Amino acid sequence: LNPVRLHYFKGRGRAETTRWMLAVNEIKFENVAIESPEALAALRASGKLPFDQMPLLEIDGLCLSQSSAMIRYLARRGNLYGASNEDALWCDMVAAATDDFSETAKQAAFQADADQMRAGLQARFDKFGPRFEARLKHEGTGYCAGKALTFADVVLTEALTEYLERMPDLLAHSPLLASLQKRVTEHLGISAYLRSSARYPLANDDYVISAASVLQRALPAHMPDPNRFVLSG
Ligand SMILES: N[C@@H](CCC(=O)N[C@@H](CS)C(=O)NCC(=O)O)C(=O)O
């Protein structure tokens, strides 16, 4: 059997939800870290990127692009898409709202000012947190969609965990979200992944610099010599 490979920058970024979905399915995988423009060029030349973008997941003899497609492929593969069409609808709605919610956390490492960054996270949580809490209350099962674990619970927990690493008291007044986050991070496959070397640390300046160097893009304006990786001419 071919190894399962996830190609991405050396960090969490847009590949992280897929890693959690591999973990919940207890699928062993290898991170292939793309750390130079040459490595990205080689990946592009391989013809494995249908839309010329990372992440790329190689699994079951397929090349998967687009993290939203990857998490759904893995959800169907692991029976984590709910028990009915209505459950599946709620899975999709919660996952899409989670995308909007988690984007602020993904941008956190790119911010100049830590206080402003945390204020931005708090404002985003104040908007979405009560809605996610209400969803859990409505279901009354401990899960976002139906009576059992779905991929919506997994991606929401991934986003909440990212917030919690920057703001540990975030869920103090959201008991249902706090218990969901605890239950999902204690899942056998997920807790093993979180303790493994495949789990990258929270994004910091090194991650921002590495991604910009691979893409040959400008750094955030507050960083020294922000155009150092941009090709001239
Ligand atoms: N919607 C895509 C986003 C992919 C994406 O923006 N990838 C970036 C890296 S995070 C990339 O490959 N940029 C290079 C490019 O677009 O040429 C996903 O979630 O997979």
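A pocket, as the word is used here, is an open set of grid points with protein on both sides within 12 Å along at least five of seven lines. In this predicted model, the space taken by the ligand is the largest pocket.

The ligand is the place to start. The residues around the ligand include Tyr-8, Phe-9 and Arg-14, then Arg-44, and then the run Asp-52, Gln-53, Met-54 and Pro-55. Gln-66, Ser-67 and Leu-215 are also among them. A polar side-chain atom of Ser-67 lies 2.4 Å from an oxygen atom of the ligand. Arg-44 likewise places a polar side-chain atom 2.6 Å from a ligand oxygen. With Met-54 the backbone is involved: one of its polar backbone atoms is 2.7 Å from a nitrogen atom of the ligand. Taken alone, the ligand exposes 510 Å², and the protein buries 75% of that area.

Turn next to the charged side chains. The model has 15 salt bridges. One of them pairs Glu-162 with Arg-12, at 2.9 Å from N to O. This pair links distant parts of the chain, 150 residues apart. Glu-162 belongs to helix α6, residues 151-166, while Arg-12 is in the loop between β1 (5-8) and α1 (16-24). Both Glu-162 and Arg-12 are buried.

A second pair is Asp-60 with Arg-77, whose closest N and O atoms are 2.8 Å apart.

Glu-186 and Lys-182 form another salt bridge, at 3.1 Å from N to O. Lys-182, with a relative accessible area of 48%, is partly exposed.

Salt bridges that share partners also build a network, which joins Arg-12, Glu-16, Arg-19, Glu-162, Glu-165 and Arg-199. The buried pair described above, Glu-162 and Arg-12, is part of this network.

Key. Residues are numbered from 1 along each chain as its sequence is written. This is a predicted model: local features need pLDDT of at least 70, side-chain atom pairs count only at pLDDT 80 or more; totals for chains, interfaces and linings use all residues. Side-chain values use heavy atoms; hydrogens and water are left out. A salt bridge is a side-chain nitrogen of Lys or Arg within 4 Å of a carboxyl oxygen of Asp or Glu. Helices (H or I, at least four residues) and strands (E, at least two) are DSSP runs, numbered from the N terminus. Buried means under 20% relative accessible area, exposed over 50%, partly exposed in between (1.4 Å probe, protein chains only). A residue is near a molecule or strand if one of its heavy atoms lies within 4 Å of it. A polar contact is a pair of N or O atoms within 3.5 Å; within protein, one must be able to donate a hydrogen and the other to accept it, and residues adjacent in sequence count only if both atoms are side-chain atoms. Accessible areas come from the Shrake-Rupley method with a 1.4 Å probe; for residues, only the protein chains shown count as cover. On a 1 Å grid over the protein atoms alone, a cavity is a set of points where a 1.4 Å probe fits but cannot get out, and a pocket is an open set with protein on both sides within 12 Å along at least five of seven lines; lining residues have an atom within 4 Å of a point. A molecule sits in a cavity or pocket if more than half of its atoms lie within 2 Å of its grid points.
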